[in-house]
Amino acid sequence: MAIDDSSDDINLAELDDKELSLQMQDDLYDGLNNEIAEGTSILLDRGWHPQKVLNEVLVEGMRIVGVDFRDGVLFVPEVLLSANAMKAGMSLLKPLLAETGTSVIGKMVIGTVKGDIHDIGKNLVSMMMEGAGFEVIDIGINNPVENYLMAIEEHKPDILGMSALLTTTMPYMGTVIETLDKENLRSETIVLVGGAPLNEEFGRAVGADAYCRDAAVTVEIAKQLIEERVSQHQQSAIQ
Ligand code: B1M
């Protein structure tokens, strides 16, 4: 980890936007929660849209962490610190992104699949969906099929969202979808899947309604599929 002791001496508020963004990416890399929270607040006070802080500073910072994790420069404990710092920033952005005043347009249960504990992407999807007016029930990480079934029974969502970040855990999405089929729950639930190693072909192969590349795309697809469903129901009510 590139420990930058000098960040103790840096007054974040004195940096211009570009310097602050880069400094925050360094601080994310070094897992400095307080600095990420402070930097996020400064950018918001300067009038940055929360979405811009998220995409241009925090998500970009995690992308850099991911590259060094892949290349063996960073290891699990360090990446965990970065992930926690990311969450410190996200917790400030969450209420702002969710503040749309729109009425609930649909309900989604979302969780990371069994064997997988990555949750940053899933949390982002939850935040963006809430911001777009969806009610989101987040069932967390490492979910066996039983958890999805219980959540569907309890909450009766329009959408089931599944996240997987590992090539070894993504096939489990197929297991969940097959079980929904067997339990006769598949046709009444829109299934969306996402996560870095997935693609459209995989989404089709496991029988999902759609693969979602990122949180913004998830919102678009969810809205579109809900609209299609409503008009189908209206059509069948007329006939
Ligand atoms: Co992990 N990890 N990790 N890790 N980790 C990856 C995924 C990896 C690609 C790193 C690498 O080698 N470059 C690699 C997977 C390789 C592979 O399978 N091919 C990997 C590995 C190998 C591992 C371990 C096995 C390491 C080990 O122990 N030796 C281990 C596995 C643990 C487990 O799950 N059982 C492990 C552990 C960890 C940490 C715990 C240290 C930490 C997770 C902390 C946490 O999440 N709370 C971690 C992290 C942080 C990463 C990287 C660096 C970053 C992931 C992330 O948060 N990205 C990651 C490298 C990378 O992806 N670049 C890596 C930012 C996030 C915003 O993006 O999650 O892609 P993402 O989400 C996006 C979209 O994918 C999409 O929208 C999101 C927002 O736009 N999306 C959805 C995601 N889920 C969706 C669900 C939807 C819709 C869209 O539902 C509808």
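Visitor: Which residue in β2 is the bridge partner of glycine 106?
Guide: Phenylalanine 134 is the partner of glycine 106. Keep in mind that this is a predicted model.

Visitor: How many bridges join β1 to β2, and do the strands run parallel or antiparallel?
Guide: There are 5 bridges between β1 (residues 106-112) and β2 (residues 134-138). The two strands run parallel.

Visitor: Switching to the ligand. Where does the ligand sit?
Guide: In the largest pocket.

Visitor: How many residues surround the ligand, and which are the closest?
Guide: The count is 34. Arg70, Ile117, His118, Asp119 and Ser163 are the closest.

Visitor: What is the make-up of that shell by class?
Guide: It has 18 nonpolar residues, 10 polar and 6 charged.

Visitor: Which helix gives the most to the shell?
Guide: α4, with 5 residues. Elements that supply at least two residues each include α3 (50-70), α5 (120-131) and β3 (159-163).

Visitor: What about polar atoms? Which side chain has a polar atom 2.8 Å from a nitrogen atom of the ligand?
Guide: Histidine 118.

Visitor: And which residues place a polar backbone atom by the ligand?
Guide: Glycine 115 has a backbone N or O atom 2.9 Å from a ligand nitrogen. Isoleucine 117 has a polar backbone atom 2.8 Å from a ligand oxygen.

Conventions
Residues are numbered from 1 along each chain as its sequence is written. This is a predicted model: local features need pLDDT of at least 70, side-chain atom pairs count only at pLDDT 80 or more; totals for chains, interfaces and linings use all residues. Side-chain values use heavy atoms; hydrogens and water are left out. A residue is near a molecule or strand if one of its heavy atoms lies within 4 Å of it. A polar contact is a pair of N or O atoms within 3.5 Å; within protein, one must be able to donate a hydrogen and the other to accept it, and residues adjacent in sequence count only if both atoms are side-chain atoms. On a 1 Å grid over the protein atoms alone, a cavity is a set of points where a 1.4 Å probe fits but cannot get out, and a pocket is an open set with protein on both sides within 12 Å along at least five of seven lines; lining residues have an atom within 4 Å of a point. A molecule sits in a cavity or pocket if more than half of its atoms lie within 2 Å of its grid points. Helices (H or I, at least four residues) and strands (E, at least two) are DSSP runs, numbered from the N terminus. Ala, Val, Leu, Ile, Met, Phe, Trp, Tyr, Cys and Pro count as nonpolar, Asp, Glu, Lys and Arg as charged, and the others, Gly among them, as polar. Two strands pair if DSSP finds at least two bridges between them.
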